Amino acid sequence: MKNTYIPFQMKVKKIYTESPDRTLKTFDLSYVNKDDKFNFLPGQFCEFSILGKGESPFGIASSPTEEDILKFTVNRTGSVTNEIHYLQEGDIVGIRGPLGNWYPVEKFKGQDVVIIGGGFAFTTLRSLLVYMLGHRKDYGKITVVYGARNPDLFIYKDEIKEWEKRDDLTLHLTIDNPVKGWNKLTGFVPTVTKEVSLDPTSWCVVCGPPIMIKYTLPVLTEIGFPDEKIYTSLERRMKCGIGKCGRCNIGSKYVCIDGPVFSYEEIKKIPEAL
Amino acid sequence: MIKIKKSEFNKFIENLQKNYSVFAPVKDGKATAFKKIKSAKDINNKILNTKRSPKEIFFPQSEVLFQYTEKGMEVPKREEKPFAIWGMRNCDTKSLLMLDKVFGEAHQMPKKDMYKDPYWKKKYDNCLVFNLACNEPLSTCFCNWFDGGPFDKTGSDIFVVETDENYIFEAVSDKGKNFLNDCKITENASDKEIKKIEKLKKTAESYLSEKEDISSLFSKTKEIWEEPIWDEIAAKCVNCGACAFVCPTCHCFDVSDEGKGKKGKRIRLWDSCMFTIFTKEASGHNPRSQSTQRVRQRVMHKYNYFMDNYGEHLCTGCGRCVIICPANLDIREVIKKIIRY
């Protein structure tokens, strides 16, 4: 019987500091044992642990198309994330996964897709975007709306520059309040979503802080997106990741096994989801 | 049905101990609980519903998931003998079936193997459960609401009735049948004694309060989700979590590391949805920050969510929470209130 509570080892291959205030770091991990390598799809998550310090769930930010690494972006906010931020390249960490479900990339095939993200929650959206760009011919028009409080708080800044150069991808970047030298959009994600004239026949994936999700979903309805074509990823405190420890539930659904990806249609049936 | 004389009970347990680690109801300080017994003399068959439920045999309050050193991680070795549990009551044997749904699989998932809990499975799959009939149920018992009863056999391997002179055994599962076939008890219960069981059953059932029709409980809990009734229900609750700790079906747990440097262990510990920090995220965001939300969660998990996922209520009517609640919050009253709302 597989013991899903026991993590396998991965090595910190590269660390990127994402923001000047150093609260956001990205960790590229490489497999220590090749046998541990697993298949996953964008939207799934792992339990990331440092033995003796604890374990926390993070969405996988790398795409399955990126061989041999797993990428996680971690906001320094609690005791485990603090310890993760102390990691150095070469250190060993524990990983359990892949856990949860994924964005329905199969349904997206041949269709237009809109990705809407906020702040450091762009992680699994990066996975999705890189995955679709890796299989570019399988998908129609790809549009991204990405907002952050200020220009410093976008993650994957170097990649954003590359994405901006592409002609097979429309990227709308926005910050909450005007900043000198910022020549892109200004305004909260829900407002910008309304303004950039999205095509409601597309599929849409939204991920961000709870408050952003809450106010963006109704805007999508207003534009004309049907509930079953809007997907979002939810977060709750988690421990086991396999539907037993009982804390990540929203109604009868467990975010760890029934989610984290839910359609707006499903979310509307669960009173405490948003 | 076969029987042993009460005078043969200690010998029966001693024989059982040869092949099993035997757990049974005992006094444990001021409390009562199921513990691994050294001697048959420790067993107290007068104890009805132990204060702490027997879930702790399979799912202890704290359990080491693995130890780690520089060399790697290791699951602690457990004793090889299978468990035999003497003297469980119907409310507890039924709870094991429910917990086995949670730990043995997970709802709605295709890849079931990774969702099996090896710690639970190893202990539960090989255990032998003796269900002792309750001749005199407590005033707090309401197993009959959930189609259980003092003489119900669900979830047991061997059903046992205590009469004045004997213990009468009936095999319920194949495992129980095999055990009774092999255990060399040859004396059959007489027709008179079997009739006596019927009489004891009727008497026992007369101890229970009237059965409440809970068929509307599932739909009703959903309907009243946003009603102020939850504030009324939660008003008494002090969020101490005692109900969850004594409950035979509550299974929420926390995972925590203990260690320094390269040596330590990862442990799981009972937790409760009654506690504020249960759902509090590192960011400070807490989806169930209010007491009302937490009480509603507990009631909904028991009487709605579990039904949604596993097709039954996560409650066996053992009444332990009724007894232990320091605020006298009686779950039976809560159920009645919801049904009649």
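Q: What shows that domain 1 of chain A is in contact with domain 2 of chain A?
A: Residues of one domain meet residues of the other: 18 residues of domain 1 of chain A are in contact with 14 residues of domain 2 of chain A. Two residues count as in contact if their C-beta atoms, placed from the backbone, lie within 7 Å. On the side of domain 1 of chain A that touches domain 2 of chain A, β2 (24-31) and β5 (69-75) of chain A each supply at least two residues. Helices (H or I, at least four residues) and strands (E, at least two) are DSSP runs, numbered from the N terminus. That side divides into seven nonpolar, nine polar and two charged residues; Ala, Val, Leu, Ile, Met, Phe, Trp, Tyr, Cys and Pro count as nonpolar, Asp, Glu, Lys and Arg as charged, and the others, Gly among them, as polar.

A word on the model itself. This is a predicted model, in which local features need pLDDT of at least 70, side-chain atom pairs count only at pLDDT 80 or more, and totals for chains, interfaces and linings use all residues. Residues are numbered from 1 along each chain as its sequence is written, while chains are lettered from A and ligands numbered from 1 in the order in which they are written.

Q: Where do the two domains of chain A lie in its sequence?
A: Domain 1 covers 8-99 and domain 2 covers 105-233, with bounds that come from an automatic or database domain assignment. Their centres, taken over C-alpha atoms, are 23 Å apart.

Q: Why is B:Lys211 called partly exposed?
A: B:Lys211 has 15 C-beta neighbours inside 10 Å. A residue is buried with 20 or more other C-beta atoms within 10 Å of its own, exposed with 12 or fewer, and partly exposed in between, with C-beta atoms placed from the backbone. So B:Lys211 counts as partly exposed. You will find B:Lys211 in the loop between α6 (191-207) and α7 (217-223) of chain B, touching B:Asn144 and B:Trp145 when residues up to four places away in sequence are left out.

Q: Why do β10 (185-186) and β15 (261-263) of chain A stand at the edges?
A: Chain A has an open sheet of seven strands, in the order β10-β9-β8-β7-β11-β12-β15, with mixed pairing. β10 and β15 of chain A each have a single partner strand, so one side of each is left without a neighbour in the sheet.

Q: What makes β12 and β15 of chain A a pair?
A: Two strands pair if DSSP finds at least two bridges between them, and β12 (residues 230-233) and β15 of chain A have three, in the antiparallel sense. In β15(A), A:Phe262 is the bridge partner of A:Thr232, and A:Ser263 that of A:Tyr231.

Q: Which way do the residues of β12(A) point?
A: A:Ile230 and A:Thr232 point one way, A:Tyr231 and A:Ser233 the other, and all are buried.

Q: How many residues make up the contact between chain B and chain A?
A: On the chain B side there are 42 residues, in contact with 32 residues of chain A. β10(B) gives the most to the chain B side, with six residues. The side of chain B that touches chain A divides into 21 nonpolar, 10 polar and 11 charged residues.
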